[in-house]
Amino acid sequence: MMTDMNMKEFLNVLSSSEPVPGGGGASGYVAAVGMSLGNMVLSLTTGKKKYAEYQEEIEESIKKATVLTDRLSECMDKDAQAFKPLSEAYGLPRETEEEKKYRDEVMEKALVVASEAPLAMMEIIVEAMELMDRISIIGSRIAISDAGVGIQMLKAALNGASLNVYINTKLMKNEDVAQDMNTRADELVIRGNELADKVYDEVMDNIR
């Protein structure tokens with residue numbers, strides 16, 4: 001389980017020839033760190049008289065951020081589990097027509113599973129971005145730059161996860177399934193990047 005690794009262990013495996021973790025696991029890691037930064041901003045804001053009008057919302061947001069961070073870190077392991085069948089499918093024999101047919105069938109199913117994991121991650125990342133948007137407004141001004149760093153990390157993770165969708169859908173023979181997944185990914189990429197850029201620009205305006 002990658003969530004049980006310390007940072008050094010994770011980086012050592014990531015930089016090795018092991019099939020997982022790869023870009024998906026790294027994206028989950030970065031997204032979890034990004035949301036944690038948002039939670040830090042909230043932790044530095046809660047209980048402060050200056051932000052008393054938001055206290056109830058801040059407390060609720062801390063709970064949401066904690067859950068989202070956990071869900072994003074879990075995406076690391078879910079991505080690895082989803083990629084395993086695909087990595088095994090690549091190694092199937094394809095000498096005879098029967099072997100080729102069987103391999104193609106297994107590959108097609110594995111490609112769908114391997115695409116669903118990063119798609120699910122992208123959906124959670126956009127949820128985190130929406131919360132970060134609010135954090136950048138109600139959070140302490142002395143820590144607002146951390147909200148900016150967090151949103152940039154979430155943006156990188158979102159775009160990174162999308163690459164894992166597109167590289168798999170391109171290999172699918174079922175064009176309808178591939179197009180449906182691409183459309184879902186496209187919508188999340190557009191929505192997430194627009195939101196991330198908005199938050200980043202607002203944070204920059206506040207600190208410059």
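**Helix packing and salt bridges in the predicted model**

Glu202 has a relative accessible area of 31% and is therefore partly exposed. In this predicted model, Glu202 forms a salt bridge with Lys198, with the closest N and O atoms 3.5 Å apart. The two residues lie 4 positions apart in helix α6, so that about one helical turn separates them. Lys198 is likewise classed as partly exposed, because its relative accessibility is 36%.

A search of the whole structure identifies 10 salt bridges. One of them joins the side chains of Asp197 and Lys155, with an N to O distance of 2.7 Å. This pair connects distant parts of the chain, since Asp197 belongs to helix α6 (residues 175-207) and Lys155 to helix α5 (residues 144-169), 42 residues apart. The relative accessible area of Asp197 is 33%, and Asp197 is therefore partly exposed.

A further salt bridge is formed between Glu57 and Arg134, whose closest N and O atoms are 2.6 Å apart. Glu57 counts as partly exposed because its relative accessibility is 30%. Arg134, at 30% relative accessibility, also counts as partly exposed.

Helix α2 (residues 23-45) packs with helix α4 (residues 97-138) at an angle of about 25 degrees, and the two axes are 10 Å apart. Angles under 35 degrees count as roughly parallel, and α2 and α4 are therefore assigned to that class. The crossing of α2 past α4 is left-handed.

On the α2 side, the contact is made by Gly24, Ser27, Gly28, Ala31, Gly34, Met35, Gly38, Val41, Leu42 and Thr45. These residues meet Met121, Ile125, Ala128, Leu131, Met132, Ile135 and Ile138 of α4. Classified by residue type, the contact of α2 with α4 comprises 11 nonpolar and 6 polar residues, and no charged residues.

Methods. Residues numbered from 1 in each chain as written. Predicted model: local features only at pLDDT ≥ 70, side-chain atom pairs only at ≥ 80, totals over all residues. Heavy atoms only, no water. Axes fitted to C-alpha atoms, helices over the stretch in contact; angles between N-to-C directions. Parallel < 35°, antiparallel > 145°, perpendicular 65-115°, else oblique. Left-handed = near helix turned anticlockwise from the far one by under 90°. Contact = heavy atoms within 4.5 Å. Nonpolar A, V, L, I, M, F, W, Y, C, P; charged D, E, K, R; others polar. Salt bridge = Lys/Arg side-chain N within 4 Å of Asp/Glu carboxyl O. Buried < 20%, exposed > 50% of the residue type's maximum accessible area, 1.4 Å probe, protein only.
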